[in-house]
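Reader: I am new to this structure and would like a close look at one part of it, the aromatic rings that pair with one another. Please take me through that part slowly.

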Amino acid sequence: MLLQEPPQHQAPDERCELVVIGAGMAALHVLSRLPSRLLKGTIVVDASGSEWLAGWAERRAALAAPHVRTPVMQHPHAQPLALKSFAEKQGRLQELTPVAKGFAPVPSLPLFLDFCAAKVVARLPAGLRRPQRGAVLCIEPLEGAEGPGCRVHLASGRVLRARAAIYTAAPRQPVLPAWVRVLAAGDEQRSPAGGDAAQLAEHAQQPQPALPAGIATSGQVDLRSAALAGRSVVVIGGGMSAGLLAAGAAERGAHVTMVCRRPLKPQAFEVDVGWWGAKQLNEYGRLESPALRLQACQRARRQASLHLPVWRRLTQQAAAGRLTVLEGWEVTGGSACPPAKDICAGADAGSVPAGGDRWRVAASRREDPAVSHKLAGAPTLFQQAVAAALPAGEDGQRQAEEQSEAQHGAAQQGVAQQGEAPQAQQLELGADLIWLACGRAYDASADPVLRQLQALRPTLLAGGYPAVDAEHMCWPGAAVYLAGRAALLAAGPCAGDLPGMRLAADRIVASLERLDYADTPVWEAAQQLMLERLQRLAGLVPAGSSGDAALTAHAGASPQASLTERLQTAAAAAAAALPPVPLEAEGRMYEEPRPPKNVSRPAHLIDVSDLDLGLTRRELSQYKFTDDEFELCVICQLDEAVPLDQVRVLFGSQHLEMWAVGASTAYHLHVPKLYGKVVTKKCSVKVNQKAKKVYLLLHKECDAEWRFLKG
């Protein structure tokens, strides 16, 4: 039930400077940066009341994750090189694993946790080294004579009155496929996979049912205590959790089949490192629409990827014959197997699950042109990696022959082994255990604390994420700061990862340090800015007229309506004007919008229709470039001297094309996407006819080094 007013508190207020809600990684990032004058008056409350990072560490330990998926500079400590220095002093440099050329290594999970305990938690004041147990009921914003500030109401009856609260809890529910929900509910009528939007949304909004025995989500599996030798396991998913589960189960003696809707993708980090700083975040900050920001985050993550150490573990297990990966397949249903005595004696042997499996899993090929194109013809990246992992010589040949025989036998039953994609469009798998690693979904409206705050201080929700002030990371109109996954629309696609937590912590601490000097609390100013922003998104602000007046005229709101009422009206109008954004719980795959085909000459290409048809045209596949701070020079070596007036160049903000027309040959260089952005007005071209060279001088937007010319 949604409370419209905060509960009446009986206990007297306990005054403090800050209340930090949560004891996870995001909260530790904030505390490690707070000045001592604020730390002295800070209280940390957590529902579990256990040690710092207990939930974060337990989840990774249960999946037997050996490494952290971020470089050694990414950690809660304020000094970037603190973790590397700690490893050197402890003699544990061997626990730093290189994963990508040109990037710092990643630390092991034990090293990372030991560092956080010794260098971050141990340096906090004694009262903050262990969080206080307390479940938060609601956060009550204060205003008028009581404000500025907030009251944090705990389930125990305590009421904490603070200048501000920092909310780092971001509960996320596992995404359950529609067939699992139907199976758990006991409904005989199954929902087909990939149903329409209304059907998917209906399933996503239902409370998560208890799963049948033998089916578990990735958060319910603990590889440390699981007895898996000789058992058959089906892992559904293609991301890090699925990879860790599949590799861990195979290493423990299980026969594993991994089913993923897209080809597996190896990637050093969750997203491109440009999102860790200004390279991508500057453009992201200029997006006003929350829907566009969410789409940019989805595009940045695009699909689940695998850390390179996990990728190597999977290829080793597949090469050893303990793991089968079905890429481009989707599980459409599952059913419990009848007891052996109920199976007809005359039944086909192929229909009986081998080893007395408890479940039958139905899968079908995805009818996706993009995926089908990737899987057609040449083997996938994972299949190539498995082939490369097979030992050379007679042993390798014998193993390959054994795998070939196994593939042939499995193909007759409709099951494909690694290295040979199944030709059938449907197949059935037998399994003792089914593990669901389809991701975890965030929805602020499902969080009772944020749902209550949304009722008191309305803001726009896009795909379940609240639109908050990006500069200060605060909720509009409330003395509440957000850090972690909940701050996705403000911090970008890395909000739930260590780089995004560092970014959010820096912004929050900078805002808190200015509270004593600001004429108006930052959250009140953010509320007014949010109102104007929502009015623009709703298209209710005609040119030359007041935004509030336009909104009042459109929605019929009273001119004397409070700012909260106007915000609620503006949020509803903006939500109606923006395209609908599906919730993560619906489990939809992100699909890149495909622009319509244009047969005419694109505007970003040079028109060369006037060139002599007898000229030989040659693509310049080799070139050199030098990088000196903001200046980058591309050097094109030609076979003949070409004057400057015969060089045609088109500089785009992130593309480049050149035609150098000689006496017998027209030389062409085209880079559709540059490594970074350039300032086109400052770009130029020079020639050296004696050396037969053309110099393309690019002026970069920032002085960051370009590792490649092409993006």
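Author: Ring pairs join Phe103, Phe269 and Trp276 into a cluster. This is a predicted model, in which local features need pLDDT of at least 70 and side-chain atom pairs count only at pLDDT 80 or more, while totals for chains, interfaces and linings use all residues. Residues are numbered from 1 along each chain as its sequence is written, and side-chain values use heavy atoms, with hydrogens and water left out.

Rings of Phe, Tyr and Trp (its six-membered ring) pair if their centres lie within 6.5 Å, and planes under 30 degrees apart count as stacked, over 60 as edge-to-face and the rest as tilted. By this rule there are 10 aromatic pairs. In one of them, the ring centres of phenylalanine 103 and phenylalanine 269 are 5.5 Å apart and the planes stand at 80°, so the pair is edge-to-face. The two residues lie 166 residues apart, and their pair links distant parts of the chain: phenylalanine 103 belongs to the loop between β3 (96-97) and β4 (106-107), and phenylalanine 269 to the loop between β12 (255-260) and α9 (278-285). Here helices (H or I, at least four residues) and strands (E, at least two) are DSSP runs, numbered from the N terminus.

As for accessibility, buried means under 20% relative accessible area, exposed over 50%, and partly exposed in between (1.4 Å probe, protein chains only). Phenylalanine 269, at 4% relative accessibility, counts as buried, whereas phenylalanine 103, with a relative accessible area of 32%, is partly exposed.
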